[in-house]
Amino acid sequence: MRLGVHISRFNQGAARLGPELAAAGAAVEAAGVAWLSVMDHFFQMEQNDAPEDPMLESYTTLGFLAAHTSTVRLGALVTGVTYRHPGLLAKNVTTLDVLSGGRATLGIGAAWYEREHRGLGVPFPPLGERFERLEEALRICLQMWDPADDGPFEGRHYRLAETLCAPAPVSAPHPEVMVGGNGEQKTLRLVARYADACNFLLPSPAEVPHKLDVLRRHCDALDRDYDAIRKTVVHLGALPEDADGCTKALAGYAELGVDTVMVLSPDGDQAEWVERVLAPVTGRLAELG
C-alpha cells in the first residue's frame with residue numbers, strides 16, 4: 001500500500017508559503033510518498049479553521065509543486081465541478097500533466113461549500129444539478145483527451161463547439177480520473193462509469209468494506225471491471241507520531257485492498273513532520289496489501 005499526503009492548511013504566513021511548500025515536496029519524495037494533494041477551495045473550510053484563514057488556489061499551487069518535485073503524483077482533493085468550466089478544467093489538468101511529465105490526476109466531485117460560492121459570486125445550483133454537471137464534466141474531459149474526437153459536445157448544462165486540447169496530455173491514455181466523495185447512489189455510480197480511481201474520506205478502515213461493496217455492485221450493474229479502479233482513502237482519524245502506532249493505524253486499509261491511504265499534514269513545518277513521522281513508515285506500508 002502506498003502513502004499520500006494531503007495539505008489542507010496554509011497558515012505559515014505568505015512570505016514563507018512558497019519555500020515551505022517546496023521543502024514539503026522535497027521531503028515527500030525523499031520519504032517515498034506516492035501522492036501529494038491540496039484542497040480545491042477558495043475559503044478555508046469552516047470545520048477545518050476559520051473561513052478567513054489562508055487558502056491557496058489549487059491548480060496554481062499544484063503547478064508550483066510540480067516544479068519542485070519529480071516523481072510524486074499530484075492532484076486536487078477534489079476539484080469542485082462548479083468552480084471551473086469543464087473545458088477550461090481539462091486544460092488546467094492537461095497543462096499540469098504536460099509540465100509535470102505525466103503526474104497529474106483529475107480529482108473531481110460535486111462541490112458543497114456554499115459560503116465560498118456565495119462569497120465570490122460563483123453559481124451554486126441545487127445538489128441534483130451539481131451531479132448532472134459533474135457527469136457532463138467527466139464526459140467533456142474524457143472527450144477532450146480523446147485524440148480521435150475534437151468535435152462538439154452537446155449536454156444539458158454545457159455546450160462546446162470544439163473539444164480541442166493541444167498539447168495532448170503526456171499520461172496515456174489520459175490523466176487519471178479520480179471521483180471523490182462518500183455518496184453511494186450517485187458518486188459511486190459515477191466512479192463505476194467514468195473513473196480510474198475513487199477517493200473516500202473516512203475516519204478508520206471499519207467504514208471501507210461497505211463502501212467498496214457498494215462500488216462493486218455499481219460496477220456489476222454497468223459491466224465495469226471493479227479491479228481496474230484504484231481505491232484511495234483520506235484517513236480522517238488520529239495519526240500517532242511514532243512509527244509503530246502510525247503503521248498500526250493505517251495497516252487495516254491495506255488488508256481491505258486500498259491502494260493509497262492519504263494522511264492530513266499538520267499546520268506548521270510540514271517537511272519536518274514528513275521526515276519525522278512518515279518517512280519511517282512508508283516502507284512498512286509498502287510491504288502490506
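This is a predicted model: local features need pLDDT of at least 70, side-chain atom pairs count only at pLDDT 80 or more; totals for chains, interfaces and linings use all residues.

Colleague: Which residues have the most contacts inside the largest nonpolar core?

Modeller: In soluble globular proteins, nonpolar side chains tend to be buried together. The largest core here has 81 residues. Those with the most contacts inside that core are Leu3, Ile108, Leu215 and Leu250.

Colleague: Leaving aside neighbours within four places in sequence, which residues are in contact with Leu250?

Modeller: Leu250 belongs to the largest nonpolar core. Its contacts, sequence neighbours within four places left aside, are Met1, Leu3, His235, Leu239, Val261, Val263 and Leu285.

Colleague: Are helices H5 and H6 roughly parallel or roughly antiparallel?

Modeller: Helix H5 spans residues 127–144 and helix H6 residues 187–194. Their axes come within 11 Å and cross at roughly 15 degrees. Angles under 35 degrees count as roughly parallel, so the relation of H5 to H6 is roughly parallel.

Colleague: How many residues of the contact of H5 with H6 are charged?

Modeller: From H5, Phe131, Leu134, Glu135, Leu138, Arg139 and Leu142 take part, meeting Thr187, Arg189, Leu190, Arg193 and Tyr194 of H6. Of the residues in this contact, 6 are nonpolar and 1 is polar, while the number charged is 4.

Colleague: Which elements do the buried residues of H6 pack against?

Modeller: Of the 8 residues in H6, 6 are buried. These are Thr187, Leu188, Leu190, Val191, Ala192 and Tyr194. They pack against H5, strand S8 (176–180), strand S9 (197–202) and helix H7 (208–222).

Definitions and conventions
Residues are numbered from 1 along each chain as its sequence is written. Side-chain values use heavy atoms; hydrogens and water are left out. A nonpolar core is a set of buried Ala, Val, Leu, Ile, Met, Phe, Trp, Tyr and Cys residues joined through side-chain atoms within 4.5 Å. Buried means under 20% relative accessible area, exposed over 50%, partly exposed in between (1.4 Å probe, protein chains only). Contact means heavy atoms within 4.5 Å. Axes are lines fitted to C-alpha atoms, for helices over the stretch in contact, and angles run from 0 to 180 degrees between N-to-C directions. Helices (H or I, at least four residues) and strands (E, at least two) are DSSP runs, numbered from the N terminus. Angles under 35 degrees count as roughly parallel, over 145 as roughly antiparallel, 65 to 115 as roughly perpendicular and the rest as oblique. Ala, Val, Leu, Ile, Met, Phe, Trp, Tyr, Cys and Pro count as nonpolar, Asp, Glu, Lys and Arg as charged, and the others, Gly among them, as polar.
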